Amino acid sequence: QHLSSIINDFVSLLGYWTTAFAAILLIEDYFFRRGNDYDLTAWDNPRKLPVGLAAIFSLVMAYCGGGVPGMAQVWYVGPVAQLFGPTGGDVGIYMSFAIVIIVYPITRYLERKYIGR
């Protein structure tokens, strides 16, 4: 029973990251690569792959700026989640998604402009 509770709490935390990561993948595919700009032979050549600074920065911003303040978990209720009542309203996933939609396109554009890949 106790292990099940721990796993449930941990999986709930993964939702914030998963939502932000999925948004990054969708933005990269539909806006930057337009669904067909993939070099499938470059998978093992780091010089041809994206650096990933935009994705890392966006994930950190989404988790720290949206996930943590908006989460309502058993052990922590963020300041934004507290606005929705005494037990909180879990809006961290939506806030993470919104932050990624704003931050990732800008940082990915700058990454491609200055680094070139």
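The structure is a predicted model, in which local features need pLDDT of at least 70 and side-chain atom pairs count only at pLDDT 80 or more, while totals for chains, interfaces and linings use all residues. Residues are numbered from 1 along each chain as its sequence is written, and side-chain values use heavy atoms, with hydrogens and water left out.

Two packed helices are described by the angle between their axes and the distance between the axes. Helices here are DSSP runs (H or I, at least four residues), numbered from the N terminus; axes are lines fitted to C-alpha atoms over the stretch in contact, and angles run from 0 to 180 degrees between N-to-C directions.

Helix H1 (residues 2–32) and helix H2 (residues 53–70) pack at about 140°, their axes lying 10 Å apart. H1 and H2 are therefore oblique to each other (angles under 35 degrees count as roughly parallel, over 145 as roughly antiparallel, 65 to 115 as roughly perpendicular and the rest as oblique). Residues in contact (heavy atoms within 4.5 Å) include Tyr16 and Trp17 of H1 and Ser58 and Tyr63 of H2.

H1 also packs against H3, at an angle of about 40° and with the axes 9 Å apart. That makes H1 oblique to H3. Among the residues making this contact are Tyr16 and Ile24 of H1, together with Phe97 and Tyr109 of H3.

For H2 and H3, the angle is about 155° and the axes are 8 Å apart, so these helices are roughly antiparallel to each other. Their contact includes Gly65, Gly66 and Gly67 of H2 and Val103 and Tyr104 of H3.

Turning to the surface, Val51, Leu53, Phe97, Ile101, Ile102, Ile106, Tyr109, Leu110, Tyr114 and Ile115 form a nonpolar patch with about 990 Å² of accessible area together. Such a patch joins nonpolar side chains (Val, Leu, Ile, Met, Phe, Trp, Tyr) within 5 Å, from residues with over 30% relative accessible area (Shrake-Rupley method, 1.4 Å probe, with only the protein chains shown counting as cover for residues) and no salt bridge (a side-chain nitrogen of Lys or Arg within 4 Å of a carboxyl oxygen of Asp or Glu). Helix H3 (residues 92–114) gives the most to the patch, with 7 residues.

Key: Patches are made of residues with over 30% relative accessible area and no salt bridge: like charges are joined within 9 Å, nonpolar side chains (Val, Leu, Ile, Met, Phe, Trp, Tyr) within 5 Å. Helices (H or I, at least four residues) and strands (E, at least two) are DSSP runs, numbered from the N terminus.
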